[in-house]
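Let's take a walk through this one, starting at the surface and then turning to the aromatic rings. Keep the viewer open as you read.

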Amino acid sequence: MNDDIRDLLYYVSISDQRNAKGKAIEICEKELVKDKNENNKRVCRNVVKNIKERPQWMELSPRAKGLLLYEDLNTSFDDNLYYFGDEELALEQRILSMASTCQKLNSVGIRYRNATLLLGPSGCGKSVFARHIAKALDRNFYMVDLSTILTAEMGGSSKNLRAVFDAIMDTGPNGFLFLDELDAFSQKRGTGGDSPGRELGRISVALMQLMDGLPSQTVLMAATNHVEAIDPAVLRRFSNKHEVKVFSNQQKETMVGKYLTAIREKATGVFDLSWKDEDVTGFVAANSTLSNGELISRVQEALADMVQRGETFLHF
């Protein structure tokens, strides 16, 4: 047994799928160079293709694939397009450093999890920040699909939630899960006497139990617009609770400027782009009631109009 095979077997044994996949690609690429057997080469090419193009297929059970949304952040998320405030950058450092902290505390019997709840109104950047953290950690981004996890079947939603957590734990030390709209499936117990209310209460209990069983290496992030509706016992299980605020006008100007600069770089060879900083200031001031996300949407509309007219100067 050579060193490559030994390393691959070790990574598989500890469910470290990221390193296992990397080692599998390394082995196959070596075989493609030296192996003259065409059947072996075909197998190696298929292995490399499947790992690179369909990484989530290797990590999720068939049931979990219908309950989770997977996003390849290496192709879908460009950090250069987004601006984060100082408070979010400080939170990022805390989350990144918490991995070793959680392991140390858990080793002495203190249950501490790398779980962060983002609070704030729609459009303030909660889901964008979650993607940013997953990419900073170099982890696959999995988000619960609420359209499939909530069912009318008694106890069905709790079973689905358990399948999601089992799948994330199966990804090994690189687990990352984002629960958007946490209030949709965690409600204060005792607030609803009808069947739907009791079912949401059961989901809250299931969520608490599943969070308690998460490995210390797993990173959990969630977001809500209605923290007041969530079961307090669920809230206590988040190590960090952070309010993501709508930016000030000055921050919005910086956000728009960074976004446009990134777009101009990405558009090289496709279309030219220029603008005046004073126009950005006026645009932000005239739309001060818009959220961060709504403001970027307006910028995108202006960019689309510019490109459609065949112009190169951006008019807001």
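Start with M1, I5 and L9, which make up a nonpolar patch on the surface, with about 310 Å² of accessible area together. Keep in mind that this is a predicted model. I5 sits in helix α1, which covers residues 3-13. Its relative accessible area is 33%, so I5 counts as partly exposed; buried would need a value under 20%.

Now for the rings. The structure holds 8 aromatic pairs. One of them is Y70 with Y142: the ring centres are 5.4 Å apart and the planes sit at 45°, so this pair is tilted. The pair links distant parts of the chain, with Y70 in strand β1 (residues 68-71) and Y142 in strand β3 (residues 141-144), 72 residues apart. How accessible are the two partners, Y70 and Y142? Y70 comes out at 21% relative accessibility, so it is partly exposed. Y142, with a relative accessible area of 1%, is buried.

Strand β3 also brings in F141, which forms an aromatic pair with F178. That pair is tilted as well, at 5.9 Å centre to centre with 35° between the planes. F178 belongs to strand β4 (residues 176-179) and F141 to strand β3, so the pair ties together parts that are 37 residues apart in sequence.

Methods: Residues are numbered from 1 along each chain as its sequence is written. This is a predicted model: local features need pLDDT of at least 70, side-chain atom pairs count only at pLDDT 80 or more; totals for chains, interfaces and linings use all residues. Side-chain values use heavy atoms; hydrogens and water are left out. Rings of Phe, Tyr and Trp (its six-membered ring) pair if their centres lie within 6.5 Å; planes under 30 degrees apart count as stacked, over 60 as edge-to-face and the rest as tilted. Helices (H or I, at least four residues) and strands (E, at least two) are DSSP runs, numbered from the N terminus. Buried means under 20% relative accessible area, exposed over 50%, partly exposed in between (1.4 Å probe, protein chains only). Patches are made of residues with over 30% relative accessible area and no salt bridge: like charges are joined within 9 Å, nonpolar side chains (Val, Leu, Ile, Met, Phe, Trp, Tyr) within 5 Å. Accessible areas come from the Shrake-Rupley method with a 1.4 Å probe; for residues, only the protein chains shown count as cover. A salt bridge is a side-chain nitrogen of Lys or Arg within 4 Å of a carboxyl oxygen of Asp or Glu.
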